Amino acid sequence: MSLSPPMPPFNSTDPTASFLSSSALDFLLIELVPLAQRVTSQRDFPSSSATTQNPDNNNDGASSHHRHRKSNSTAAAHHPPAADSLKKIDDEEHLDAVHLRLESQGYRVGQGLVERFSRDRPRFNDTLDVIKFLCKDLWSLVFGKNIDNLKTNHRGVYVLTDNAFRPFSRMSTETGSQAVLRAQPFLWFPCGIIRGALAALGISATVQAEVNELPAAIFQIKTIAAKP
Amino acid sequence: MVVYSFYIFDRHTECVYVKSWMAADSPGAAPVLSASSDDAKLVFGTVFSLRNMVRKLGGDDDAFISYRTGQYKLHFYETPANLRFVMLTDTGSASMRNVLHQIYINLWVEYVVKNPLAPVEHKGGAGVNNELFELGLDQFIRGMM
């Protein structure tokens with residue numbers, strides 16, 4: 001599975017490789033975020049799913065109608081009109097829960113990807129080697145290009161900058177709306193992929209991502225006391 | 001060649017996008033179309049009826065492509081997913097079917113369908129009028145004029 005155009009010979013070393021339209025991955029990555037939001041509001045916040053309804057979470061058909069009807073009645077029963085502050089806390093909790101869900105899904109995917117695509121490589125010497133593998137090999141596998149810039153303070157912090165992050169390349173809203181804020185959840189799954197990939201290669205780390213201007217994304221990796 | 005206006009209708013026959021380039025033109029030559037929203041409904045009614053009539057007369061494979069009046073030419077393109085693209089140009093322009101197809105695959109699919117922040121259904125035009133789509137369309141049309 002690769003996002004680059006196939007070059008003959010078609011992977012003679014890898015008989016299990018097959019071609020998949022990169023659009024399939026695009027649509028999957030797009031749907032992942034609203035899916036996580038829906039699952040979170042239905043599973044973890046069943047009583048407040050109406051109040052935590054996200055504005056960009058409106059692309060589900062029958063299930064949403066069903067939930068609307070159901071949750072509107074329950075929400076009305078549980079929340080008196082003066083529940084505004086409660087709602088705000090709920091929103092933040094809900095966002096955190098979505099973050100956790102997406103991050104752990106990415107973690108699982110990252111672990112699998114590394115097992116599959118590092119199998120023909122020699123062992124990595126140090127953390128920087130692993131990070132380079134991540135920036136070049138893994139990134140081009142998942143996002144079709146390399147990381148544009150890698151910075152490190154040589155004390156376990158790595159900052160990866162992608163100036164044209166693939167999930168953001170077509171992201172756009174009408175002028176004046178908060179595109180950057182709405183883009184944030186789309187970074188959580190990739191964060192999980194990075195963390196999972198590092199974990200599979202023996203590096204435990206925390207990964208944070210931010211977006212300042214579309215379509216660029218910045219990932220910060222903080223490794224946690226790597227054992228010798 | 002002058003492009004006067006451009007419409008997109010979704011599969012629920014709702015007009016999800018309108019753009020007009022008439023401001024730059026001399027008002028005498030442009031067809032008289034006010035900025036009211038009734039225009040979109042009238043345009044849709046016209047192309048819908050014409051398409052049905054064409055199919056009835058010419059069989060299911062026959063496609064309505066364009067019609068021309070003394071003032072303007074209307075170009076029509078319908079995608080397999082029941083999306084309808086309509087463009088009004090001056091009477092002298094050649095077939096715009098290709099152009100409408102290009103708008104569909106290069107702008108609509110890329111910046112609306114594959115846009116993570118655009119909803120699947122564009123009720124009231126939600127998600128269609130995003131910056132990338134607007135910019136791409138304007139550049140494309142102005143590049144032809």
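**A close look at one helix**

Modeller: Let's start with helix α6 (residues 188–200) of chain A: at 1.5 Å a residue its 13 residues should span 18 Å, and its end C-alpha atoms are 18 Å apart, which agrees. The expected span is 1.5 Å times one less than the number of residues. Helices here are DSSP runs of H or I with at least four residues, strands are E runs of at least two, and both are numbered from the N terminus.

Please keep in mind that this is a predicted model, in which local features need pLDDT of at least 70, side-chain atom pairs count only at pLDDT 80 or more, and totals for chains, interfaces and linings use all residues. Residues are numbered from 1 along each chain as its sequence is written, while chains are lettered from A and ligands numbered from 1 in the order in which they are written.

Back to the helix: eleven of the 13 residues of α6(A) are buried, so the helix is largely enclosed by the rest of the structure. Buried means that 20 or more other C-beta atoms, placed from the backbone, lie within 10 Å of the residue's own; exposed means 12 or fewer, and partly exposed is in between. After α6(A) comes A:G202, which has a positive phi near 90 degrees.

Now for the chain around this helix. Chain A has six helices and four strands, in the order α-α-α-α-β-β-α-α-β-β from the N terminus. Of its 228 residues, 30% are buried. Two loops of chain A deserve a look. The loop between β3 (205–210) and β4 (217–223) holds A:P215, and the peptide bond from A:L214 to A:P215 is cis, with omega near 0 degrees. A:H154 is exposed, with 7 other C-beta atoms within 10 Å. For background, most residues other than glycine have a negative phi, and most peptide bonds are trans.

Chain A also meets a partner: 15 of its residues are in contact with 14 residues of chain B, contact meaning C-beta atoms, placed from the backbone, within 7 Å. On the chain A side, α1 (22–43) and α5 (179–183) are the elements that give two or more residues.

Chain B itself has three helices and five strands. Two of these helices, α2 (residues 97–113) and α3 (residues 131–144), pack at about 160 degrees with axes 9 Å apart. The axes are lines fitted to C-alpha atoms over the stretch in contact, and angles run from 0 to 180 degrees between N-to-C directions. α2(B) and α3(B) are therefore roughly antiparallel, the word for angles over 145 degrees. Where they meet, α2(B) contributes residues including B:I103 and B:L107, and α3(B) residues including B:F133 and B:F140.

Notes:
Two residues are in contact if their C-beta atoms, placed from the backbone, lie within 7 Å. Angles under 35 degrees count as roughly parallel, over 145 as roughly antiparallel, 65 to 115 as roughly perpendicular and the rest as oblique.
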